[in-house]
Amino acid sequence: MLVSGINLTVMIGPAEPIAVSQDVLDALTSVEVRSNSEGPSGFTLNFKINKNSPLLTLFLLGGGAPIPLVRVVLYVTMNANQIVLIDGVMVNHQMSPGTAGESPTLTIIGEDLTKLMDYIDFTGIPYPAMPPEARVLIILAKYAVFGVIPVIIPSIMLDVPIPIDRIPLQQGTDFNYVRKLASDVGYTFFNKAGPAPGTSIAYWGPDVKVGVPQSALNIDMDAQTNVESMSFSFNADAGTLPFVYIQEQYTNVPILIPIPDVTPLSPPLGAIPPIPKQFPILENTANLSPIQAVLLGMAEAARKADAVTAQGTLDVLRYGAVLEARGLVGVRGAGSPFDGLYYVKSVKSEIKRGEFKQSFMLARNGLLSTVPEVSP
């Protein structure tokens with residue numbers, strides 16, 4: 001599927017996807033891919049087909065018992081670079097019969113490969129003498145056949161239970177259990193498609209908001225403008241200062257400690273954050289070590305620190321790249337309160353014949369940039 005010089009490749013198949021035929025590409029009318037920094041990513045494919053098309057039978061079988069799962073990989077080739085948009089599985093099929101001479105529409109809805117982790121309840125599986133990261137590695141190993149590459153950052157909240165004392169047991173599906181283990185240590189868990197088609201990264205670690213920014217989003221800069229629309233909002237009530245309880249080592253007296261929303265992995269992107277108006281107290285932190293309690297407090301503070309948000313749309317050809325979620329991006333031309341670096345919270349890619357557009361949401365902790373200028 002050619003989009004003004006950007007080539008879209010669609011791969012579909014049970015377990016191991018292959019590139020679809022030209023007939024399938026000709027029937028494809030639109031593609032939507034949703035990438036989120038929180039929660040699973042997803043996709044939607046729309047096809048125009050005739051009532052006797054073998055494509056209809058194939059996809060409907062893929063949603064039933066004969067084929068347990070149908071995997072979908074979508075990637076674009078732009079400037080000789082392959083960018084994987086989604087690696088997931090079909091979860092829903094919708095059929096709209098044609099009317100007034102129009103062809104029927106088949107809609108395929110799917111989610112990323114974390115959906116595979118949410119099918120079977122493995123409650124009760126024991127993990128003796130294993131810290132959380134070891135349990136996560138064992139759980140993710142069973143999905144290697146789907147090209148899932150685990151990237152696990154060990155936590156300093158080391159907890160290796162002695163088998164004669166207790167043996168950790170899994171509760172729920174792999175997806176829910178791995179997310180719970182991440183939440184217990186102030187981490188995040190997600191699946192990111194790529195870097196190559198047919199592979200994906202299962203990341204379990206701290207929420208990192210540092211790195212090389214993507215190409216800047218330019219607003220009202222004449223020939224350099226590369227976004228179609230963009231709006232900003234500032235929530236003065238977003239300021240939050242969580243507290244955690246820690247116990248003094250010798251007297252066991254509980255001490256209430258405020259936790260700022262700044263960490264080495266999540267530095268401030270705005271110079272002027274709102275004054276905190278909410279002071280939540282995290283529960284059950286007194287039973288943890290001081291380091292563990294502080295780490296959980298930092299993770300909670302970072303999740304609620306986004307006072308400035310931005311929404312907008314862009315044309316990928318004019319932007320010159322594919323904007324990706326879970327990374328930094330610069331903004332220029334919006335004025336001093338809103339220029340600077342932002343964290344990309346979500347991106348929705350919409351592809352039609354001759355058109356590739358993206359809508360996005362950005363966020364940061366305050367007004368005014370913390371960097372003197374943003375690179376193009």
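How much space lies in the largest cavity? In this predicted model, the answer is about 230 Å³. The legends below begin with that cavity.

**Figure 1. The largest cavity and its lining.** The structure holds four cavities of 30 Å³ or more, and the largest cavity is lined by 19 residues. Ser35, Val84, Leu85, Lys192 and Glu324 lie nearest its centre. By class, the lining comprises 10 nonpolar, five polar and four charged residues. Strand 4 (28–36), strand 7 (81–96), strand 10 (188–193) and strand 19 (340–352) are the elements that each give two or more residues to this lining. Strand 7 gives the most, with four residues.

**Figure 2. Surroundings of Ser35.** Ser35 is placed in strand 4 and is one of the residues nearest the centre of the largest cavity. With a relative accessible area of 18%, Ser35 falls under the 20% limit and is therefore buried. Neighbours within four places in sequence aside, Ser35 is in contact with Ser41, Leu85, Ala325, Lys345, Ser346 and Val347. Among these contacts of Ser35, Leu85 also lies nearest the cavity centre, together with Ser35 itself.

**Figure 3. The nonpolar cores.** The largest nonpolar core has 48 residues. Those with the most contacts inside this core are Leu45, Phe47, Val76, Leu217, Phe360 and Leu362. Residues up to four places away in sequence are not counted in the following set: Val76 touches Ile6, Asn7, Leu8, Asn81, Gln82, Ile83, Leu85, Val322, Ile351 and Phe356. In soluble globular proteins, nonpolar side chains tend to be buried together.

**Figure 4. Helix 4 and its cover.** Helix 4 spans residues 174–184, and its buried residues are Asp174, Phe175, Tyr177, Val178, Leu181 and Ala182. Helix 3 (132–141), strand 10 and strand 11 (200–205) are included in what covers these buried residues. Gly186, which follows helix 4, has a positive phi, near 75°. Between the C-alpha atoms of Val178 and Lys352, 174 residues apart along the chain, the separation is 36 Å. Lys352 is placed in strand 19 and is partly exposed, with a relative accessible area of 44%.

Figure 5. The side chains of Lys180 and Asp184 form a salt bridge with an N to O distance of 2.9 Å. Because the two residues are four apart in helix 4, about one helical turn separates Asp184 from Lys180. Asp184 is partly exposed at a relative accessible area of 37%, and Lys180 is partly exposed at 44%.

Figure 6. A search of the whole structure finds eight salt bridges. One of them pairs Lys357 with Glu228 (3.3 Å, N to O). Lys357 belongs to strand 20 (residues 355–364) and Glu228 to the loop between strand 12 (214–218) and strand 13 (229–234), so this pair ties together parts 129 residues apart in sequence. Both partners are partly exposed: Lys357 has 27% relative accessibility, and Glu228 has a relative accessible area of 44%. Another salt bridge joins the side chains of Lys345 and Asp306 (3.5 Å, N to O). Lys345 is in strand 19 and Asp306 in the loop between helix 5 (290–303) and strand 17 (308–315), 39 residues apart. Lys345 counts as buried, at 18% relative accessibility. Glu38, Asp306 and Lys345 are linked in a network of salt bridges.

Note on methods. Residues are numbered from 1 along each chain as its sequence is written. This is a predicted model: local features need pLDDT of at least 70, side-chain atom pairs count only at pLDDT 80 or more; totals for chains, interfaces and linings use all residues. Side-chain values use heavy atoms; hydrogens and water are left out. A nonpolar core is a set of buried Ala, Val, Leu, Ile, Met, Phe, Trp, Tyr and Cys residues joined through side-chain atoms within 4.5 Å. Buried means under 20% relative accessible area, exposed over 50%, partly exposed in between (1.4 Å probe, protein chains only). Contact means heavy atoms within 4.5 Å. On a 1 Å grid over the protein atoms alone, a cavity is a set of points where a 1.4 Å probe fits but cannot get out, and a pocket is an open set with protein on both sides within 12 Å along at least five of seven lines; lining residues have an atom within 4 Å of a point. Grid points are joined across faces, edges and corners, and a volume is the space filled by probe spheres set on the points. Ala, Val, Leu, Ile, Met, Phe, Trp, Tyr, Cys and Pro count as nonpolar, Asp, Glu, Lys and Arg as charged, and the others, Gly among them, as polar. A salt bridge is a side-chain nitrogen of Lys or Arg within 4 Å of a carboxyl oxygen of Asp or Glu.
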